[in-house]
Amino acid sequence: MSPLLTYVLRHADDNLIVAQRLGELIASMPDLEEDIAVANVGLDHLGQARHFYDYASELDPDSRDEDQFAMERSEREFLNATLVEQPNGDFAQTQMRQFLLDAYQVPLYEAMTASDDARLAAISAKAVKEARYHLERSSAWVVRLGAGTPVSHEKISQAVEYLWPYAGDLFYADDVEEGLAASGVAVDPATVRPTFDATVADVFASANLSVPDDPYARMGGRTGFHTEHLGHLLPEMQSLYRAHPGATW
Amino acid sequence: MNLQDDFDARLAADRKIEPRDWMPEKYRKTMIRQIAQHAHSEIIGQQPEGNWITRAPTLKRKAILMAKVQDEAGHGLYLYSAAETLGVSRDELMDMLHTGRQKYSSIFNYPTLSWADMGAVGWLVDGAAITNQVMLTRTSFGPYARAMIRICKEESFHQRQGYEIMLTLCNGTEAQKAMAQDALDRWWWPSLAMFGPPDAESTHTAQSVAWKIKRETNDELRQKFVDMTVPQAEILGLTIPDPDLVWDADAEHYRFGEIDWDDFWQVVKGDGPCNRERIAHKVKAWEDGAWVREAAVEHAKRAASTTKLAAGGAAL
């Protein structure tokens, strides 16, 4: 697989997997407004995934389409960061996962709009608007829960503790990122990290949360070494498609 | 002119009743009951379709389905707001739903067992709903009528999407066609029952027609739906599960068999295949979310008092 195809799939998969997780939540949220919001955010991520898969399809020697990428690959072939495959858990965990992803995607997409690759620049120009709105929402929830009641504070603190190691995987970089960044195509994740850290510090301060000082990060998603959760998510997502090989839907 | 005469005159002149207008208490209660029931149906209706979001067979279908389920939540929000203009709060209405004191459309008490159900629900259930709702765009209560105009636009989009799923399945493999026929077999009769009991046995119809809440009766709407849907089934190459279905050339209507009203009433009264799980799911989501809503209220209170302090400080 070419480095560019790998790079594009890493971002496509982040968005598809988080959209799949958000799709699990519809009709289960604390109120009607949140039911609407979770579908809205999920749809944005699904839309971003489809744009990246579209481009991946052009880059792929086998010209696989979006559904082949989504439905025909196995666990070891998915390249999303381990953060997005983590279960929804309670509302605090869902919002914290979203916040960590948003805090990463905003500076990522902002930088990607300056890519020398016109397709990546165009995809991220649209995506960044959505990501900014997502970040606004998820930040507001982190603050509300962190500075809300003792119960909500406890739950959002637990969510930080659980998810923090997976957030580190968002910043994984290997020859793919480094090579493509050198040629002005990709965003080096290391350049995104300071903005991410600043956003986290800022929002956590308003939420009375402390930023964990544990340096451990559970890496591996970008090379297909996932947590065990993905192996449960994919069979559900792919079951109908795989039960009818070659069918048109 | 007294208040009742004024109300009657407005109805007679086909003018809308607005929230601040005087209205008979029974009219108000009927409107609350009907709008709330409609709102609850949108909310509970998210469940049977939400059931297939994670398993949609393509990303395009997944996106369409997510958008559709989101529309339903939006309709619910819109309708609860219309009900609130009559002096009832959304929390009260939610509580009535959770405790079974208000109902939702019984159609959502049937399970969605295959992907074809996403087609059949859109085609038949949304189709039946639209037949009813197009009439309601002319209903006498202003906020409800206006909500219906917007909702109908989205519903007719959903109906076409549902039909398109059926069409794709019917042009597909043998297994897909069988899936489509099975879905039609299961959803046909419950869809006809959606229009409610026959006119002769309907407790609300006469009064609702007099108040111009309903502009057509259950049986009239049901007939309209059958006449519209049978030719669509023929295009799909599917068989409607009714041996008595026949075209009456003189009347220019399809004649259809007897609906199993015992089954209908059993589901209405709570013993359908999914009544218990639909409400249990809704109540669980609500109860699991209690701490979230409490945190939001607490935080808003604190933010408001901080703003007040800041404003007070500035004044000093």
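A polar contact here is a pair of N or O atoms within 3.5 Å, where one must be able to donate a hydrogen and the other to accept it. Keep that in hand for the interface. The model on screen is predicted.

**Stop 1: the interface**

Select chain A and chain B together. Between them, the rule finds 13 residue pairs in polar contact, both partners at pLDDT 80 or more. Chain B gives 45 residues and chain A gives 48 residues. The two chains bury about 3,800 Å² between them. Carbon and sulfur atoms account for 71% of that area.

**Stop 2: the salt bridge**

How many salt bridges does the rule find across the interface of chain B and chain A? It finds one. Select A:Glu33 and B:Arg90 to see a salt bridge. Their closest N and O atoms are 2.5 Å apart.

**Stop 3: the chain B side**

Hide chain A and colour chain B by helix. Which helices each supply at least two residues to the side that touches chain A? Select α3 (46-50), α4 (59-84), α7 (142-170), α8 (174-193), α12 (275-288) and α13 (290-315) of chain B. Then pick out α4(B): with 14 residues, α4(B) gives the most to this side. The side of chain B that touches chain A has 23 nonpolar, 13 polar and nine charged residues.

**Stop 4: aromatic pairs in chain A**

Show the rings. Over all chains, the structure holds 19 aromatic pairs. Zoom to A:Tyr104 and A:Phe171, an edge-to-face pair. The ring centres are 5.5 Å apart, with 85° between the planes. Why does this pair tie together separate parts of the chain? A:Tyr104 lies in helix α4 (residues 91-112) of chain A, and A:Phe171 in the loop between α6 (150-167) and α7 (175-182), so the pair joins parts that are 67 residues apart in sequence.

Check accessibility. A:Tyr104 is buried, at 2% relative accessibility. A:Phe171 is buried too, at 12%. Both values fall under the 20% cut-off for buried.

**Stop 5: an aromatic pair in chain B**

Move to B:Phe264 and B:Trp265. This pair is also edge-to-face, 5.0 Å centre to centre, with 75° between the planes. B:Trp265 is partly exposed, with a relative accessible area of 33%.

Terms used
Residues are numbered from 1 along each chain as its sequence is written. Chains are lettered from A and ligands numbered from 1 in the order in which they are written. This is a predicted model: local features need pLDDT of at least 70, side-chain atom pairs count only at pLDDT 80 or more; totals for chains, interfaces and linings use all residues. Side-chain values use heavy atoms; hydrogens and water are left out. Contact means heavy atoms within 4.5 Å. Buried area is the accessible area (1.4 Å probe) that two parts lose on being put together, summed over both. A salt bridge is a side-chain nitrogen of Lys or Arg within 4 Å of a carboxyl oxygen of Asp or Glu. A polar contact is a pair of N or O atoms within 3.5 Å; within protein, one must be able to donate a hydrogen and the other to accept it, and residues adjacent in sequence count only if both atoms are side-chain atoms. Helices (H or I, at least four residues) and strands (E, at least two) are DSSP runs, numbered from the N terminus. Ala, Val, Leu, Ile, Met, Phe, Trp, Tyr, Cys and Pro count as nonpolar, Asp, Glu, Lys and Arg as charged, and the others, Gly among them, as polar. Rings of Phe, Tyr and Trp (its six-membered ring) pair if their centres lie within 6.5 Å; planes under 30 degrees apart count as stacked, over 60 as edge-to-face and the rest as tilted. Buried means under 20% relative accessible area, exposed over 50%, partly exposed in between (1.4 Å probe, protein chains only).
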